[in-house]
Amino acid sequence: MSATEQRGMLDLLGGFVGQLREAGLPVSLTENLDAMEAVRHIPIEDREAFKYALAASLIKNQAHWRTFETIFEVYFSLRGPEYALDRDGEATEGDLDELWREMQDASQSGDGRGGAGSLDALTPEEIAHLLMQSLMQGDQALMRALARQAVQRFAGMEPGRPVGGTYYLYRTLRNLDLDGMLDKMMEAAAQQSVAPSTTLEQRLEREEFEHRIAEFKAEVEAEIRRRLVADRGAEAMAKTLRKPLPEDVEFMHASRDEMQSLRKALQPLTRKLAARLARKRKHQRRGPLDFRSTVRHSLSYGGVPAEPKFKFPRPAKPELMVVADISGSVAAFARFTLMLVYAISGQFSKVRSFVFIDGIDEVTDYFKSTEDITEAIHRVNTEADVVWVDGHSDYGHAFEVFWERYGKDVGPKTTVLLLGDARNNYHASQAWVVKEMAGVARHVYWLNPEPRSYWNTGDSIVGEYGRHTDGVYECRNLRQLESFVEKLA
Amino acid sequence: MAGSVGLMASEQVQRFESVQMVRDGLRDLDYLADDGIAGVAYLADRLGKPVLVEGPAGTGKTQLAKSIAELTGARLVRLQCYEGLDESKALFEWNYKKQLLRIQADRGSDSWTELHDDIFSDEFLLTRPLLEAITADDPVVLLIDEVDRVEVETEALLLEILSDYQVSIPELGTIEAKQIPLVFLTSNNTRELSEALKRRCLYLHVDYPSMEREREIVLAKVPDITENLADQIARVVRSIRSMDLKKAPSVSETLDWARTLMLLNIETIDEEIAKETLHILLKYQTDIAKAAKELSVDE
Ligand SMILES: Nc1ncnc2c1ncn2[C@@H]1O[C@H](COP(=O)(O)OP(=O)(O)OP(=O)(O)O)[C@@H](O)[C@H]1O
Ligand SMILES: [Mg+2]
C-alpha cells in the first residue's frame, strides 16, 4: 500500500467506525487502534478475511454481527475487486455472452431461436430462464453475473431518487418471477430424474434450491447496495440501511427477521442474567457483621471472637405474579417477558402467570409441565382461554375477574407485574382493582412496551392505572426489559 | 529465569506469510478453516494479541488451537478452566512438601536467611500452565480452554498476564516473558466475560460450518469415505440444523455419525437408515422425535 492509499484507507475506516458507534456498538479506543493496525496487514482483496479481521478487532459480541456486516458492506463494497466481475478469473461480461451462446447452442440448437444474442438483447423471460438454469446447476459465476444484469435491467434505478433499496429489490425480483422459482425448479428436477425421488431426497433438494435462491437474492441486494452507495455516498447509506442491535429492536414493530434475531439473542441473555443474579445472591448471602451476636458467641471460645456472626441476609425471595395482555400488538412483548421471567424463575420463591385479552386465564401449569419455555409459550398462544366477548383488549374486565378469582392469593410477599399498553378500547378502566392490589401486595409494577410519548394518548389509560402502582416502566426492547428484570430479582 | 527480556510483538518472528498460508497449512493438517478463522489466526500473529474463540459446543474451537500449534511447530500448553480454578493451579505454586522436607533436613545447620533463599528458588517452584507458557524457551501455543467457567477474580488474573506478559512472584521478583506466545481462549458463552478481557482479545465466533465446509471436514476426518456419502451426510445435517431443536448436532456428532455409517457399510442414506441412526446426531428424545417426523420417516 502506498502512503496515499493508506491514508485513504484510514479515512474510510474512521468513517466506518463512526457509523458503528452511531449504531450503538461500543467501539473502544484500543479496538479502533487494533482495526487500524489490522487493515495494514490484511489486504482488502482477500475480502472475507478482511471483513472478519475487522470484525475481530471491533465487535466482541456475536449478536452485533448483523449490524456490523450491514455497515461494512456499505463502506467497503465499492472497494476491492469485488466490484469488477472477474474475481478469481470468473466470468466477465464478455465471457458471459460467450457462455450464453454456448448454452443456447448446446441445449436449444434447433428450437428456432437465432442463437446470436448477447445478454443485453435478452427478453425478461429469457433472463428468467437462464437464471433458472444457473440456479439448478449451482453455477455461481453465472448467478452473480445475472444478478448484476437483472438489477441493471429491471430495478429502474435513477441517480438521486430518494427511494429505498427494498423498492428496487422488489422490482428486480418481480421481473424474474423469483417467487415462483422454487416450484418451477422442483418440477423441472422431478421431470429430469429417472426414478421418482423419496421424501428425504425431495426435502434435501428443496433446501439446496432454497439456499441457492437465497444466495442469488443476496447477490441482487449487494448489487443494489453498491449502486446506491455509488450514488449517495457511504455515510448516507449507512444511515438508511442501519439495522438496530437485537437488544434495541422494538417489540411492537419487529419484522419477522428481527423477531428471529431477538429470539436468538434471548437465550444467551437469560443465561447470563441468571448467572449474574446467582452470583449477586451468593455474594450477598451474608449480611453485615452482627457485632452483638458475635460477642455473645465468643463466650464459648473464652472470649475470643472466633466465629463471626452475620445479620440476617437479604429479604426472602419475592413471589411473582405476572398478568399480561397478549392481544395482537403487545403479544410479542408478553411472550418475551414471560420467557425472561421463567428463565430466571429460580430467583423467585414462586411464579404464577395470567394472560388476558378481554377474558383472563391462569397459565402457570403450562410452565410447570415442561422444561421447554418455548413449548409453554406455544400453549399460552393456542390454549389459554382469553377471549370473553370480542377479543379486543379489555383491561378493566380482565382485572376485575383476576381480582375476584385470585385476589385472595395476593399478599405482602407478592410482587405483581402488569404487562401491556393499557389501550383499553374505551372500556371502563376498573382502576380500583389496581389500587386495592397495591394496598396488599409488596409491589405492583406496570411494564409498557409503548414509547413513553404515546402513553395516555388515544385509548391508552396507563396513567390511570399507573398512579396506583410503584412505577410504570417503559419496556420497548430487550435492553429495557432486561434492566427492569434485573432490578426486580 | 528472571532477567530475560520482554519482547514487543513487532520484534517477534512472524509465523505466517499470508492468510492463504494459514488456510492451506491448516487444511494440510485436516483442519478446515473458513475465511474468518484463517484471517483472525493470521491477524493474531501479526498483532501479537490473544484470540477469544466463542461458539456452540463441538465446532472445532479447541481443535483450532491444537492445529495452529502443529502448524507452527509449537508445543501446546493447555490450561483447562473450571469453577474454582485459582492462581496456584493456573500460574504457580510453591512445593510446600519439598520445602518442609528441606527445612527438616537442614534443621540446626545453615542460617535462616540462607535456607529461606534456598527454599524459595526455582527448584521448589511448581510451574503451572500460564507461567510455563510465557517462560518456555521453545515456541508454544497457549490454550486457555473454556474460560467462561472461571470466576471473575481468576479472569482478572488472566487479563493481567495477557496484558503485561509478566508475572511477579513476591519471593523471586518479576518474571518477564521470553516470548509472546499465540494465545487462544475458548468459551461456550455461559457467562459474559469482562469488557476488559474482551477488549484485550481479538474476537472470533466459530459457528456450525457451511454445508460445503462440513463435507470437507467429513472427507478429511473419516478415512475411506466416498465423496458421495460425505455430501449426503452434510446435506442431512444441514437440514436437521434448520429445524427448531433443543440442541443442534455439532461437528463432532456429524463425524460420529459418518463413522457409524461407514461401520454399517452404508453407501446411500435413505429414510430408514436416517431414522435408525438419528440418536447419534441428536441427544434429546424430543429432538429425535421431531427430526424423525420432519424428515417424514416415521410413518
Ligand atoms: N473445521 C474443522 N476441521 C476439522 N475438524 C473439525 C473442525 N471443526 C471441528 N472438528 C472436529 O470436531 C470435533 C470437535 O471439535 P472441538 O473439540 O475442537 O470442539 P469445541 O468447539 O472445542 O467444542 P466444546 O465447546 O465442546 O469444547 C473434533 O474432533 C474436531 O477435530
Ligand atoms: Mg473445546
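How much area is buried between chain A and chain B, and what share of that area do carbon and sulfur atoms give? In this predicted model, the buried area is about 3,100 Å², and carbon and sulfur atoms give 55% of it. On the side of chain A, the residues that lose the most area to chain B are A:K60, A:L200 and A:K272, which together account for 20% of what that side buries. The contact involves 33 residues from chain A and 38 residues from chain B.

Five salt bridges are found across the interface of chain A and chain B. In one salt bridge, the side chain of A:E208 meets that of B:R235, with an N to O distance of 3.1 Å. Four elements of chain A, namely α2 (29-41), α3 (47-58), α10 (199-232) and α12 (256-283), each give two or more residues to the side that touches chain B. The largest share, seven residues, comes from α10(A). By residue class, this side of chain A consists of 10 nonpolar, nine polar and 14 charged residues.

Chain B contains an open sheet of five strands with parallel pairing, in the order β2-β5-β8-β1-β9. Strands β2 (75-80) and β9 (202-205) of chain B form the edges, each pairing on one side only. Neighbouring strands of the sheet are turned against each other by 20 degrees on average, direction ignored. Strand β2(B) runs parallel to β5 (residues 140-145) of chain B and is joined to that strand by six bridges; B:L79 stands opposite B:I144 in β5(B). Helix α2 (residues 35-47) of chain B packs on the sheet, where this helix touches β1 (51-54), β8 (182-187) and β9 of chain B. The direction of the helix makes about 165 degrees with that of β9(B).

Definitions and conventions. Residues numbered from 1 in each chain as written. Chains lettered and ligands numbered in written order. Predicted model: local features only at pLDDT ≥ 70, side-chain atom pairs only at ≥ 80, totals over all residues. Heavy atoms only, no water. Contact = heavy atoms within 4.5 Å. Buried area = accessible area lost by both parts, 1.4 Å probe. Salt bridge = Lys/Arg side-chain N within 4 Å of Asp/Glu carboxyl O. Nonpolar A, V, L, I, M, F, W, Y, C, P; charged D, E, K, R; others polar. Pairing = 2+ DSSP bridges. Axes fitted to C-alpha atoms, helices over the stretch in contact; angles between N-to-C directions.
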